[in-house]
Amino acid sequence: MISYPSLPSLIWMPRTSLRATLWRMIGRVAIVTGANCGLGFEVTKRLCAQGHDVILACRNEDRGMAAVERICTEQEDALASYMHLDLADMSSIHNFVDNFHETGKPLDLLVNNAGVFHTTPGPRRLTKDNFEDTMGINHLGHFLLTHLLLGDLISSAKENGESTIVNVTSALHDSKLKVRRHETQPIDLDNFFLEKPGTYNGYQAYKNSKLANVLFTYELAERLKKTGVIVNCVCPGFVPETSLGRDAGVVSRFFLNYVLYYFLRYKNIVKTVGEGADAIMDCATRTENKGETGKFFKNRKEEKSSEESMDETLRKKVWDMSVLYCHLQDRALPPPALTLPKKTRVRISVTPSPEDDDSEGDQPKSFNPGKLKA
Ligand SMILES: NC(=O)c1ccc[n+]([C@@H]2O[C@H](COP(=O)([O-])OP(=O)(O)OC[C@H]3O[C@@H](n4cnc5c(N)ncnc54)[C@H](OP(=O)(O)O)[C@@H]3O)[C@@H](O)[C@H]2O)c1
């Protein structure tokens with residue numbers, strides 16, 4: 001919702017807040033990563049049609065600018081602009097955020113959509129910072145980007161009551177699902193980048209990275225509770241039309257898109273790009289999920305994510321590792337403080353144990369948490 005400030009408040013406002021307020025009078029500001037094609041492009045078009053000011057965060061200037069042009073040709077008054085972002089390069093992520101801050105725009109919506117999936121056998125590819133690139137781009141790049149933009153999202157939520165982060169994940173984060181007979185295993189944190197000999201394949205790397213997207217969503221939502229920033233993740237469904245499986249080879253892509261496609265469509269197994277984008281839009285803008293945070297959406301409704309993704313210890317470990325890899329030790333969000341609901345009275349009784357005796361007189365007794373009963 002757009003709220004208009006009074007004239008006196010505009011006059012006395014600091015310059016940076018003034019610029020942000022003026023932007024807000026135009027509409028909500030959104031960043032979509034990987035917006036030049038596929039699902040990201042369709043989502044961007046829909047956001048522009050709703051009057052949002054959308055920044056297309058893409059790694060290739062020609063493709064990014066071409067996407068902006070296509071949108072502006074279709075929608076004359078679209079507020080779309082390109083900004084360079086290569087998620088495979090941490091310095092590019094920092095530059096992107098600096099450039100974004102220079103625009104003075106607020107940030108209401110971040111759609112972490114960009115992704116890679118290497119479906120043909122081949123050697124591990126690395127990002128500029130030497131991470132296996134599927135994990136590096138799909139998870140770590142977005143982890144860093146989100147952290148660097150958290151201040152903006154929190155300020156927007158303070159001003160507007162809410163701001164939103166959507167992480168685009170996949171049902172394939174679940175190792176129980178097989179794709180074309182490719183089995184995947186639960187994540188091994190001692191082999192986070194699949195560097196151990198014989199363990200790398202594109203399917204395992206993709207599965208691990210999409211699991212990390214879900215774990216990140218749950219942990220971030222927990223840490224952002226009470227800030228008004230909503231964090232959810234969504235699987236858009238199987239959309240073979242996009243360029244995600246671009247390295248699968250011409251023959252298999254032709255077979256999938258023109259032969260198998262109609263059968264899969266008939267069986268309701270595949271989605272169109274439009275349907276996939278609608279699923280992401282639900283999470284980004286749907287009013288019924290107002291306030292709902294830390295959820296996994298699939299088939300346009302909340303669903304249970306994999307058993308592995310519900311493991312809280314794993315979630316915290318992946319968070320801590322990501323903080324270290326992204327050099328965010330100084331600025332990462334702290335874990336939520338343990339707070340008890342105000343009206344709950346908890347009686348704690350300490351049961352004496354045989355080794356306790358009063359021989360120490362006035363000395364304080366040692367504290368044994370094992371003896372607490374709530
Ligand atoms: N398609 C599906 O069946 C499906 C299913 C479940 C989940 N998803 C998820 O949906 C999201 C979008 O995928 P899609 O199907 O639309 O695939 P897509 O058409 O290949 O789009 C991926 C986008 O990510 C961008 N990208 C890749 N590496 C990047 C980097 N280093 N820095 C910045 N941008 C980068 C690509 O840019 P370039 O064009 O320059 O390469 C492209 O714009 C992904 O997260 C994917 O995992 C897709």
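This is a predicted model: local features need pLDDT of at least 70, side-chain atom pairs count only at pLDDT 80 or more; totals for chains, interfaces and linings use all residues.
**Confidence.** Residues are numbered from 1 along each chain as its sequence is written. Over residues 344–374 pLDDT stays under 50, and I found 11 contacts beyond four places in sequence for that stretch. Two residues are in contact if their C-beta atoms, placed from the backbone, lie within 7 Å.

**Overall fold.** I looked up the secondary structure and got 10 helices and 10 strands. These are DSSP runs numbered from the N terminus, H or I with at least four residues for helices and E with at least two for strands. Of the contacts with a separation of 6 or more, 73% come from residues 24 or more positions apart. Of the 374 residues, 39% count as buried; that takes 20 or more other C-beta atoms within 10 Å of the residue's own, with C-beta atoms placed from the backbone.

**Ligand shell.** Which residues come nearest the ligand? Out of 29 around it, they are Gly-34, Gly-38, Ala-114, Gly-115 and Thr-242. A residue makes the shell if its C-beta atom, placed from the backbone, lies within 6 Å of the molecule. I get 15 nonpolar, 11 polar and three charged residues there. For the classes, Ala, Val, Leu, Ile, Met, Phe, Trp, Tyr, Cys and Pro are nonpolar, Asp, Glu, Lys and Arg are charged, and the others, Gly among them, are polar. Helix 3 (residues 38–49) gives the most to this shell, with three residues.

**Helix 3 against helix 9.** I followed helix 3 to helix 9 (residues 273–285): they pack at about 65 degrees with axes 9 Å apart. Axes are lines fitted to C-alpha atoms over the stretch in contact, and angles run from 0 to 180 degrees between N-to-C directions. From helix 3, Gly-38, Leu-39, Glu-42, Val-43 and Arg-46 meet Val-273, Gly-274, Gly-276, Ala-277, Ile-280 and Met-281 in helix 9. That contact has six nonpolar, three polar and two charged residues.

**Val-229.** This one sits in strand 6 (residues 229–235). Why does Val-229 count as buried? Because it has 23 C-beta neighbours inside 10 Å. Beyond four places in sequence, I list its contacts as Leu-153, Ile-154, Ala-157, Ser-163, Ile-165 and Leu-224. I also noted 5.6 Å between the C-alpha atoms of Val-229 and Thr-164, which are 65 residues apart along the chain.

How values were computed: A residue is buried if 20 or more other C-beta atoms lie within 10 Å of its own, exposed if 12 or fewer, and partly exposed in between; C-beta atoms are placed from the backbone. pLDDT is the predictor's confidence in each residue, from 0 to 100.
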